[in-house]
Amino acid sequence: MRDAHPPSLDAGPSPDSAAGRLEGRSTASYVLLLVPLVLLTEVVALELSLVYPALPLMAAEYRTPAIGWTLTVVSLVGVVAQPLLGKVADAIGKKRMIVLAAAAFAVGSLVCALAPSYPVLLLGRALQGTCMVIGPAAYGLIRDLFPPRIVPVAMGAITTGLGFSAVTGPLIGGLLVNAFGFRAVFWFCLAYVLVLTPVLAFTVPESGVRLRRRVDAVGGVLFGAGAAGLLLAVGQGGAWGWTSARTLTVLGCACALLVLFVLCELRRAEPLIDVRLLTGPALRWTLLAAFGGAFAIGGQAFVVPLLVQTPRLPGYGLGMGALGVALFLVPQGLVGAVCGPLGGVLARRRGPRTGLLVALTAFTVSAGSLAVLHAEPWQVLIAAVAQGIGFGFFFVSVSNLVVEAVPPTHTAVSTGMMGVASNLGNATGVTVLGAVLAQHILRAYPETGRIVHTESGFVLAHLLAAAAAGAALLVAALMRHGRTPATGGAGAPGGPREQQISASPSQPH
């Protein structure tokens, strides 16, 4: 896998990514700037983790068995929003896009809190899904504003926030739902962004880096519709039937739209996504590894709670309730919160690929150990801690790998593509492992909807998660990109280092 950077297709002079950097400030001032950015980025994880405890009450309120769509619609909108709005962020300013996305999220929260019917609730959730662009825009803003030496660690702080939300989200959501009902969750989301957005708007400066070209709306529609269709087919294939006309039609249309998107982008002078950049070795293998890691994350997040809540049976099952799952999620989230900044430090000193190797190794060990040892709480706890280590290192590593692979003007849209790969990997993991467990049922209780799966089903599911993480680990081990210390984007194509070389008369163009 030869490391190469495709040429930039930007028209006109390349912007200087060092312009507007906040150099020469104290560490405390950088931290103060980072805090509101990290906290506002939290809505990406909170809008899901807060809603999980409310799902049963929402299903009863709206009398629908399809309450899962309240989660699916967020993912579908996110898949569309991340690359398209990421491109808009590169053009109009990352901070401005963060504020606009937060405003849309606030409107969506208000709609959900007041929703008189299920379709209105789904509309509100769709508006909330636009918050998925906040993460890519935040990564781009950090790259543009912070000194290169701080960028890898600052991205680790974003991951720290995400790890913390994995702990606090279910707990806060459970308390709010128990005390005030499910609508309190959305009122909390509304208050959260209304407090933090003005703080960010008045304390964090805007980036001066701009992509001086028009936004390819047609390409955005083609890619968004194709990616959303692919995610829909993967997520609903088990329920619809993998060979049903509906699944095959959605999958075929999605693939056709994505092929049409690639053909159109290759012909455009100003494409939404530079396909040559996307398919270059550095970004291509990073996205593939991100898909495999996300498969393991999503699959394990789905399977482990079922294992924990399975009644005690010979050789497996812990017989714990929903609250018992938190006994494993809290340590996992705390470990992930600690490992986020450590991943940033490791990226700065040894290269972001090293952190990705640590993450994927941890995912492989976690899933592989559960395939063998799953009868006692301490065995599941060790696997959860390993999963937390992987979680902390994973997101900061892939984010730094993307930043190192693309020019400053493509940061938000490229990290948006990382989000798309992660969403697809997560959905595929849940679907595949869910299908495995569905084929291994020990007994079912139709009157309550409770299903008890066989031990062999859990073993096979964990082995598949370990295989996906292991395959991603092999990709990361072979790729050449990310082996040198992270530069915070200064060494990426179009960055200051490349511009300096290009400007030197002694170097060939």
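Three salt bridges are found in this predicted model, where a salt bridge is a side-chain nitrogen of Lys or Arg within 4 Å of a carboxyl oxygen of Asp or Glu. Side chains of opposite charge can pair when their charged atoms come close. Before we visit them, a word on the ground rules. Residues are numbered from 1 along each chain as its sequence is written, and side-chain values use heavy atoms, with hydrogens and water left out. As this is a predicted model, local features need pLDDT of at least 70 and side-chain atom pairs count only at pLDDT 80 or more, while totals for chains, interfaces and linings use all residues.

Let us start with Asp144 and Lys94, whose side chains meet in a salt bridge with an N to O distance of 2.7 Å. Asp144 sits in helix 7 (residues 134-145) and Lys94 in helix 5 (residues 94-114), so this pair links distant parts of the chain, 50 residues apart. Helices here are DSSP runs of H or I with at least four residues, strands are runs of E with at least two, and both are numbered from the N terminus. Are Asp144 and Lys94 buried or exposed? Both are buried; buried means under 20% relative accessible area, exposed means over 50%, and partly exposed lies in between, using a 1.4 Å probe and protein chains only. For Asp144 the relative accessible area is 1%. Asp144 also has a neighbour from another part of the sequence: its C-alpha atom is 5.9 Å from that of Ser207, 63 residues away along the chain.

The second pair is Glu61 and Arg183, with 3.7 Å from N to O. Glu61 is partly exposed at 45% relative accessible area, and Arg183 is partly exposed at 25%.

Glu376 is partly exposed, with a relative accessible area of 34%, whereas Arg312 counts as exposed at 51%.

Now for the chain as a whole. Its secondary structure comes to 19 helices and two strands, and 55% of its 509 residues count as buried. Contact means heavy atoms within 4.5 Å. Among contacts in the chain with a separation of 6 or more, 82% are between residues 24 or more positions apart.

What about the nonpolar interior? A nonpolar core is a set of buried Ala, Val, Leu, Ile, Met, Phe, Trp, Tyr and Cys residues joined through side-chain atoms within 4.5 Å. The largest one has 106 residues, of which Ile98, Ile142, Phe146, Leu356 and Phe394 touch the most other members. Helix 16 gives the largest share of this core, ten residues. There is also a second, separate core of 22 residues, including Val325, Phe328, Val380 and Ala461.
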